[in-house]
Amino acid sequence: MKLDTEEEILKIIKEYKSDYISGESLSKRYKITRTAIWKHVHSLIEQGYDIETHPHLGYKFISSPDILLPAEIKEGLNTDYFAKEMYCFNEISSTNDFALQLTEKGVKEGTLVISEKQNKGKGRLGRNWISPPYLGLWFSVILKPSINPHHSSKITFLAGLSVVNAIKDVTGLDTELKWPNDVLCNNKKLCGILTEIKAELDIVNYLVIGIGINVNFTRADFPHE
């Protein structure tokens, strides 16, 4: 079955909260066998979801894993086209590099590439961007704005403002935008943004916005000089 069926099953199990939902009712709902339901649920368990299974009662949701999974990301989104198409990785060289490859395949605007770890994360001017697993959010978004390339730098600015607003909404922290591509908290760099563009004289073919947000970093997590 398609992945979206699995995500729908997860959504229904979550909605039951502390109650069990039977495999039979899920089977009737999705018009697939109870064995197929069982396989989907065990696939979710293998991904890290804590779901109780009972031979007579069915399935009960306990908790979600603290890792980046498409179903968890989509659950918190209310967007028209951002992240409707999503590529999630445990490890990748660079989300921007992969997104640039996708642009050559004609993917939809708003496509998201996100990874727990980048081996070759990059910042402006060819600098390395340290992006170990479980310490930050490393992702890239593909945009196809109908603007003159001369105005493309404004997209970086808007992305930075979006990060500032999102951090405020989620954590309550006040941050500030340092031109052209940094977000600071208490005068310390919290986020960097790298915009890569392919354009012609008067039209933008696409933009890839790479965003790295340090979430769980401590001083000890940075490599020593």
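This is a predicted model: local features need pLDDT of at least 70, side-chain atom pairs count only at pLDDT 80 or more; totals for chains, interfaces and linings use all residues.
How many aromatic pairs does a search of the whole structure find? The search finds four aromatic pairs.

**Confidence**

The mean pLDDT of the protein chain is 90, and 96% of the residues score at least 70. Among the elements of the protein chain, strand β4 (residues 112-115) has the highest confidence, at 97, while helix α4 (residues 70-75) has the lowest, at a mean of 86.

**Aromatic pairs**

A pair of aromatic rings is described by the distance of the centres and the angle of the planes. One of the four pairs is formed by Phe89 and Phe98, with 4.9 Å from centre to centre and 70 degrees between the planes, an edge-to-face arrangement. Together with Tyr87, Phe89 and Phe98 make up one aromatic cluster. Phe157 and Trp179 form a tilted pair, because their ring centres are 6.0 Å apart and their planes stand at 55 degrees. This second pair links distant parts of the chain: Phe157 belongs to helix α6, whereas Trp179 sits in the loop between β6 (176-178) and β7, 22 residues apart.

| Residue | Relative accessible area | Class |
|---|---|---|
| Phe89 | 26% | partly exposed |
| Phe98 | 21% | partly exposed |
| Phe157 | 35% | partly exposed |
| Trp179 | 54% | exposed |

Pro180 lies in the loop between β6 and β7.

**Nonpolar cores**

The largest nonpolar core contains 23 residues, and Leu112, Phe139, Val163, Cys191, Ile209 and Ile211 have the most contacts inside it. At least two residues of this core come from each of β4, β5 (136-143), α6 (153-171), β7 (182-185), β8 (188-199) and β9 (204-214). Another core, of 18 residues, lies apart from it and includes Ile37, Tyr49, Leu69 and Ala71.

What does Val163 contact, leaving aside its neighbours within four places in sequence? Val163 is in contact with Val183, Cys191, Ile211 and Ile213.

**Helix α5 and its surroundings**

Helix α5 (residues 95-103) has Thr95, Asn96, Ala99, Leu102 and Thr103 as buried residues. These buried residues line one face of the helix, because they fall within an arc of 115 degrees when seen down the axis of α5. The buried residues of α5 pack against β3 (86-89), β4, β5, β8 and β9. At the start of the helix, a side-chain oxygen of Ser94 comes to within 3.3 Å of the backbone nitrogen of Asn96.

Ser140 is buried, at a relative accessible area of 0%. Not counting residues up to four places away in sequence, Ser140 touches Thr95, Asn96, Ala99, Thr111, Leu112, Val113, Val208, Ile209 and Gly210.

**Gly192 in strand β8**

Gly192 lies in strand β8. Is this residue, with a relative accessible area of 8%, buried or exposed? Gly192 counts as buried, because the value of 8% is under 20%. Residues up to four places away in sequence aside, Gly192 touches Trp129, Asn181, Asp182, Gly210, Ile211 and Gly212. Between Gly192 and Leu44 there are 148 residues of separation in sequence and 33 Å in space, C-alpha to C-alpha.

**Backbone geometry**

Most residues other than glycine have a negative phi, and most peptide bonds are trans. Ala83 has a positive phi, near 65 degrees, and is found in the loop between α4 and β3. Ala83 is buried, with a relative accessible area of 8%. Asn186 likewise has a positive phi, of about 55 degrees, although it is not a glycine. Asn186 is in the loop between β7 and β8, and its relative accessibility of 69% makes it exposed.

How values were computed
Residues are numbered from 1 along each chain as its sequence is written. Side-chain values use heavy atoms; hydrogens and water are left out. pLDDT is the predictor's confidence in each residue, from 0 to 100. Helices (H or I, at least four residues) and strands (E, at least two) are DSSP runs, numbered from the N terminus. A nonpolar core is a set of buried Ala, Val, Leu, Ile, Met, Phe, Trp, Tyr and Cys residues joined through side-chain atoms within 4.5 Å. Buried means under 20% relative accessible area, exposed over 50%, partly exposed in between (1.4 Å probe, protein chains only). Contact means heavy atoms within 4.5 Å. Rings of Phe, Tyr and Trp (its six-membered ring) pair if their centres lie within 6.5 Å; planes under 30 degrees apart count as stacked, over 60 as edge-to-face and the rest as tilted. The arc is that of the directions from the helix axis to the C-beta atoms. A polar contact is a pair of N or O atoms within 3.5 Å; within protein, one must be able to donate a hydrogen and the other to accept it, and residues adjacent in sequence count only if both atoms are side-chain atoms.
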